[in-house]
Every structure is written in structure tokens, then in C-alpha cells.
Amino acid sequence: MATYTASTAPLKIVLFLGTVRENRLGLRVAKFMLKQIEKSGHEVSFFDPLEMKFPMLEKPVFHYDKDRTGAPQWMVDAEKKVNEADAFVVVSGEYNHCIPPALSNMMDHFGNSSYMYKPSGIVCYSPGMYGGMRSAMQLRTMLGELGCTPVSNIFGIPKANQSLSEEGEATNDHMVRGADRILAQVYWHAEAMRNQRDNFGLPK
């Protein structure tokens, strides 16, 4: 009988921020979530489309050959981080009540094989009372199709401009409790899925 081993190594998490708009609130949310993940001792990589400058999608990284010959080095390096990730945290506002185009454009640069059999957590926000929930409902479908099924909890942040400082510091207890709740689910699923991948591989 094969021996089942459970890894205790820190998880590798990619946090996607889905906004590039001027005076974006999302950066506050991303800073806050990065701090919460780092406090847990896990590794986190931050994908910011304003800094990484993803072009409008014409040629995703998986359209290059297996050695990624000719692909921009920054894109190859980004794909490596997505491939190695154990889980994803997606921070999203809503543009016209929909998923921000910068978010889907960024994530679509990588194939679904990079995302599959890993969990994701949705963190949504807005300056109003709905907290970005309309885009979160759409993200459930998109992330499910990519293969990184979202955990059941959604961390919605209404009036994000009042809940977080520009440096990502919480101004109320709801923020820490909400982050802890969703991250606990993400970590639990990520550890279980990592152990399953390590011990049994992926379905063929």
C-alpha cells in the first residue's frame, strides 16, 4: 500500500488585482490582502496589470512552443508563478457591473492547465453598498471554467474607501474577520489539493 504524505511547506499563492483605473480603490484592497496572506507565513506573488503591462490579448503564452521560444521573458516568468501556485486570490471591483476587462485579459494570458485543480478566493469591493458582488457572481463562472473553483465564501467590501486606508490598513473589525474567513477556506482547500496532486497526480 502506497504511503500518503502531507506537505507542511508554505503555500504558494498568486494574488490577481483586476483594476487599472485612475484613483483605483482596488490597490488598497490588494495591499490589505497581501498583508493578511504574508502574516500567515505563506508565499504570495502579486499580479498587478498596471505594473506588469499585459497587452490586449493577441498571443497568450501557451500559443508559443513548449520551450516558450520568442515569448517575452516577463510573461514566461509570470507563467511559472501561476504554474507553481497552490491557490489564487482574485481582487476585483466591477466595471459597468461586470468583471473588469484588465482582470480577464490578464488571466487569459495563461492556459487553464496552469489553474486547474487549485482553489481560488474572490475578494470584491466597491465605494458603494453592494461591494462588487455583481462581478463576483460572474467571476464564479469564469474561475470555475479555468479550473480554479472558488471557495464558497466571498469577501465583499462595501464602501471600501472608508474601510481601508490608502496603505491598506483596516479601519474596522469586519475587514480582518472577513479576510480570515475566506483565507481559511482557501488554505484548507489548497493544502488538500496540493497533497492530492503530490500523492496521486492529476486525472488523465
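Reply: Happy to! In the largest nonpolar core, which has 28 residues, Met33, Val91, Val123 and Phe155 touch the most other members. Such a core is a set of buried Ala, Val, Leu, Ile, Met, Phe, Trp, Tyr and Cys residues joined through side-chain atoms within 4.5 Å; buried means under 20% relative accessible area with a 1.4 Å probe, protein chains only. At least two residues each come from β1 (12-17), α1 (26-39), β3 (87-92), β4 (120-125), β5 (150-157) and α7 (173-200). Of these, α7 gives the largest share, seven residues. Helices (H or I, at least four residues) and strands (E, at least two) are DSSP runs numbered from the N terminus.

This is a predicted model, where local features need pLDDT of at least 70, side-chain atom pairs count only at pLDDT 80 or more, and totals for chains, interfaces and linings use all residues. Residues are numbered from 1 along each chain as its sequence is written, and side-chain values use heavy atoms, without hydrogens and water.

Now to Phe155: beyond its neighbours within four places in sequence, Phe155 is in contact (heavy atoms within 4.5 Å) with Phe32, Met33, Ile122, Val123, Cys124, His174, Met175, Gly178, Ala179 and Ile182. Another core, of 26 residues, lies apart from the largest one and includes Val82, Ile122, Leu139 and Leu143.

As for the setting, the chain has seven helices and five strands, in the order β-α-β-α-α-β-α-β-α-β-α-α. Buried residues make up 48% of its 204 residues. Among contacts with a separation of 6 or more, 78% join residues 24 or more positions apart.

Methods: Buried means under 20% relative accessible area, exposed over 50%, partly exposed in between (1.4 Å probe, protein chains only).
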